[in-house]
Amino acid sequence: MALALTLGRRGLGRAWPNPAVGAVVVNNGIIVGRGWTQPGGRPHAETEALGRAGALARSGTLYVTLEPCSHSGKTLPCTDAVIAAGIARVVSALADPNPLVAGAGHWRLAERGINVEIGIAAQEARRAHAGHIRRMQEGRPHVTLKIALSADLKVALSGRRPAVITGGPSRNRVHLMRAMNDAVLTGIGTVLADDPLLTCRLPGMHSPVRVVLDRGLRLPLGSRLVASAEAVPLWVITGESAPREREQALRMRGIDVRRVGELGGRLDLVAVLRVLAERGITRLLVEAGPILAASLVRADFVDEATLFRSRTPIGADGIDALDGLALSALTSSPQLTRLASESVGDDTLEKLARPLL
């Protein structure tokens, strides 16, 4: 099961809207097939592993990180493939919270005489499938907030001038985080100040969908995000009153524009996350300025936080990462517990997370 979980991580950021599942086929103590969910969500991990195992799957054991599907969609049910392969035993980490499955896959296998065991490495599997579970149960993606902090808890220079806070190893880790999420979200303030690209620049790694919250459609047509929209998807979420001509100009450059309602002069974050989930996003990385980050913290939408802490201060000319109340809510919240802390080059990485679902 540990191997299946490792294999499943290969699909993170690429398998959406489906979960990134891993599967291993074992016969007489020998691994005869391995699989993971392929880009776009299909083929599924089980059929990949069974296909590699071939005839050696008969009378073997299938280890899988999530319940095999039992319904027909764009592919046939994985349970049919398991039964047809002659698998004798299925070891499944979790029942699938998708109401189209929800135990029916396990039941169908057991009905055909296959020995089904559930719950092996369930805690690890819940963490691995947090995005899928969150989307199924709460109708929103699993949200990870990334913040780079100077030693004096600043994120930039005054006047929204960018500042180099962390070192190269930390920046490479952020690129890896982008590749392992379905989408990366930022606000228009960050775009206007930094003109970011928000792609993954690690060799051989893919880039996530870029999402910009832009209530008034101020996104510059000459920005790097717009210039790269044909190569890497760019979605803009705006308000109901945003100029229609600006929407048309963005659409003509290959940008997807969606409108949501507003609350208190800002985009409704509940509606924003709902739209992303409806479009299949399960894991969302937030790289935003203090205003949007604080709004997500106060709304209790942050499921994980990754803090890159530098040893170098910015000084009195810096901008606070969050206001004192929001920062305290993030680092002292009973909803978030410290998962790990490690050195990344000269920086320290601290991970906080909501308890497992």
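Modeller: Axes are lines fitted to C-alpha atoms, for helices over the stretch in contact, and angles run from 0 to 180 degrees between N-to-C directions. Helices themselves (H or I, at least four residues) and strands (E, at least two) are DSSP runs, numbered from the N terminus. Here, the axes of α2 and α3 cross at roughly 20° and come within 9 Å. Before we go on: this is a predicted model, where local features need pLDDT of at least 70 and side-chain atom pairs count only at pLDDT 80 or more, while totals for chains, interfaces and linings use all residues. Residues are numbered from 1 along each chain as its sequence is written, and side-chain values use heavy atoms, with hydrogens and water left out.

Colleague: So how are α2 and α3 oriented to each other, roughly parallel or roughly antiparallel?

Modeller: Angles under 35 degrees count as roughly parallel, over 145 as roughly antiparallel, 65 to 115 as roughly perpendicular and the rest as oblique. That is why α2 and α3 are called roughly parallel. For contact, look for heavy atoms within 4.5 Å. On the α2 side the contact uses E46, T47 and L50, and on the α3 side C78, A81, V82 and A85.

Colleague: What kinds of residue make up the contact of α2 with α3?

Modeller: Ala, Val, Leu, Ile, Met, Phe, Trp, Tyr, Cys and Pro count as nonpolar, Asp, Glu, Lys and Arg as charged, and the others, Gly among them, as polar. By that scheme, five are nonpolar, one is polar and one is charged.

Colleague: And how does α3 pack with α4?

Modeller: Helix α4 covers residues 104–111, and its axis lies 10 Å from that of α3, at an angle of about 25°. α3 and α4 are therefore roughly parallel too. T79, D80, V82 and I83 of α3 meet G105, R108 and L109 of α4. That contact divides into three nonpolar, two polar and two charged residues.

Colleague: Which residues of α2 are buried?

Modeller: Buried means under 20% relative accessible area, exposed over 50%, and partly exposed in between (1.4 Å probe, protein chains only). In α2, which runs over residues 45–53, the buried ones are A45, E46, E48, A49, L50 and A53. Their cover includes β1 (22–27), β2 (30–36), β3 and α3. Just after α2, G54 has a positive phi of about 60°.

Colleague: How many residues of α11 are buried?

Modeller: Seven of the ten, in a helix spanning 269–278. They are L269, A271, V272, L273, V275, L276 and A277. Just past the end of α11, G280 takes a positive phi of about 105°.

Colleague: Now a single residue. Where does T65 sit, and is T65 buried or exposed?

Modeller: T65 is in the loop between β3 (61–64) and α3 (78–85). T65 counts as buried because its relative accessibility is 1%. A polar contact is a pair of N or O atoms within 3.5 Å; within protein, one must be able to donate a hydrogen and the other to accept it, and residues adjacent in sequence count only if both atoms are side-chain atoms. The side chains of T65 and H129 make one at 3.0 Å.

Colleague: And what does D300 touch?

Modeller: Setting aside residues up to four places away in sequence, D300 touches R140, Q335 and R354. D300 lies in the loop between α12 (290–298) and β15 (304–309), and at 38% relative accessibility D300 counts as partly exposed.
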